[in-house]
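Colleague: Could you walk me through this model before I set anything up?

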Amino acid sequence: MPEGDSAGESIHGKPSAIGNFFKRLGQIYQSWLDKSTPFSAVRWAATLILTAIYMLRVYILQGWYIVTYALGIYHLNLFIAFLSPKVDPSLLDDPDEGPELPTKQNEEFRPFIRRLPEFKFWHSATKGIIIAMICTFFEAFNVPVFWPILVMYFIMLFCITMKRQIKHMIKYRYLPFTHGKRTYREET
């Protein structure tokens, strides 16, 4: 019998106190995530407040621009994944492989399935902000750069990426946003 193979076990095969602590901490964290799932507006408001605090910290400290740039690139990647369909129609050679988006009026409606669901988008964006905030406490991440160049490069990158994404959306006729379930009123 191998001793201490699984995570959180000591050499003697018994769960260690440290392993139990982190397991319990992970369970509490997951419980809070599960409880927050239905409250998307509150979750995003908290993330925006956290973003404002981070930006204020960077502004007051006048540094950590490279961390902020990396955070912006990370958020851009998350946003593109959020806007993209799970199965990219441009990569499908066989039309019978996987779900398709309707391309004609008379085709059956198929819902838009995102590559990155909203909850995972929010969770990843919030973790990114927290990690960037932690980085601002360490001088090693304060790399001296000329920040206007980073801002211009990010704006160019954002415009080019969004132009490509919008062209893709037009070409394959999908809209990643819905306005809820369509309801019909009874006429009296």
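**Spans, helix α1 and cores**

Modeller: Across residues 41–60 the chain is 100% helix and 0% strand, with end C-alpha atoms 28 Å apart; helices here are DSSP runs of H or I with at least four residues, strands are E runs of at least two, and both are numbered from the N terminus. This is a predicted model, in which local features need pLDDT of at least 70 and side-chain atom pairs count only at pLDDT 80 or more, whereas totals for chains, interfaces and linings use all residues. Residues are numbered from 1 along each chain as its sequence is written, and side-chain values use heavy atoms, leaving out hydrogens and water.

Colleague: In α1, which residues are buried?

Modeller: Gly19, Leu33 and Ser36 are buried in α1, buried being under 20% relative accessible area, exposed over 50% and partly exposed in between, with a 1.4 Å probe and protein chains only. They cover an arc of only 115° around the axis, which puts them on the same side of α1; the arc is that of the directions from the helix axis to the C-beta atoms. Ala17, Trp32 and Lys35, on the other side of α1, are exposed.

Colleague: Switching topic, which residues have the most contacts inside the largest nonpolar core?

Modeller: Tyr54, Val67, Leu71 and Ala132 do, in a core of 13 residues; such a core is a set of buried Ala, Val, Leu, Ile, Met, Phe, Trp, Tyr and Cys residues joined through side-chain atoms within 4.5 Å. The elements giving two or more residues to this core are α2, α3 (65–83) and α4, and α3 gives the most, with five residues.
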